[in-house]
Amino acid sequence: MGMRRLLLVTLFFWPCAFAQQAYSPPEVTSAGDAYTSYNIVFDGLFVLDIGIGDDGSIQRIESLRNPGSMLGAAKTSVQSWKFQPASNGGKPRASRLTVAFVYRPANYATFGAVPPKDFTPVIPSAPSDNGSEGYAPVGILSFAYPDYPINSVVWGSVVLQVTVDSAGGVKDVGVLHGMVTFNRFAQEALKNWRFRAATLHGRPVTSKIVVAFIFQPPHMIGR
C-alpha cells in the first residue's frame, strides 16, 4: 500500500515538475507605432529574424524578406521595442523571433491590395551555432493585406502578437499597439495568413510571431 501511494504521488508531481521545465518562447512586451511616410506601391511584406539575448536585448537583426526600400524603417521600429527573452527550465535563454511588417500598398480605392502571385514562403533558417539553442522561429506560408476603412484618409499602424501552436494554427492574438479605426481590419486580414510552427530541436512547439500592419490612405482615381 505504501509503495502504491508513493507511486501515485510521484506520478502526480512529475507532470507538474515537467511543466515547470517547459520552453517558453520570446515575446514583445512593448511596441509603438510602426508608421512610415514612404509609399509602398506593389509589395509591402518585410520579414525580420530577430536574435534576442538572454537579457532581452537585440543581438542581431537579419532580413528574411526585403522586396524594397523599407527595411531600414522596419529595423528602426524594432529597435524601440521591449523584449522578454525565452526561458527553458525557468532560466532565460538566447533565442529568435520572427517579426513581419506589412506596409499596405497605397492602392487605388476601387482595388484591393493583393499579395504577389510568386510569393515564396518565408521560413527561418534551421538552428545553427548562434546561441539560439536549437530553436527555429515561426515561418510565414502565406499572407494577406488588410482592407482600408471606407471614406477614411488617416494613416496608422496595428501591431499584433500572434501565438502559433505546434500545428501552425493561430491560438491567440494580442494587440501590442492599436488604433480603433484599424484594429478590426488587421485582425480580419490575419485570419487569411498561414504559418509554419516554430521548432525546438526539430520538434514543432507553440511560439509567437509579431505582425505590424501599417496603413496608408488609398490613392483616389482622378485626384
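Biologist: Which strands do the buried residues of α3 pack against?

Modeller: In this predicted model, local features need pLDDT of at least 70, side-chain atom pairs count only at pLDDT 80 or more, and totals for chains, interfaces and linings use all residues. Residues are numbered from 1 along each chain as its sequence is written, and side-chain values use heavy atoms, with hydrogens and water left out. Helix α3 spans residues 183-190, and F185, A186, A189 and L190 are buried there (buried is under 20% relative accessible area, exposed over 50%, partly exposed in between, with a 1.4 Å probe and protein chains only). Their packing partners are β11 (156-164), β12 (170-177), β13 (194-196) and β16 (207-215).

Biologist: Why do the buried residues of α2 line one face of the helix?

Modeller: Helix α2 covers residues 71-78, and L71, A74, S77 and V78 are its buried ones. Look down the axis and take the arc, meaning the directions from the helix axis to the C-beta atoms. The buried residues line one face because they fall within an arc of 125 degrees.

Biologist: Is T199 buried or exposed?

Modeller: T199 sits in strand β14, residues 198-200. Leaving out residues up to four places away in sequence, T199 touches G134, Y135, A136, P204 and V205 (contact is heavy atoms within 4.5 Å). With a relative accessible area of 16%, T199 is buried.

Biologist: And what is phi of H201 near?

Modeller: H201 is in the loop between β14 and β15 (203-205), and H201 is exposed at 60% relative accessible area. Phi is positive here in a residue other than glycine, near 55 degrees.

Technical notes. Helix = DSSP H or I, 4+ residues; strand = E, 2+ residues; numbered from the N terminus.
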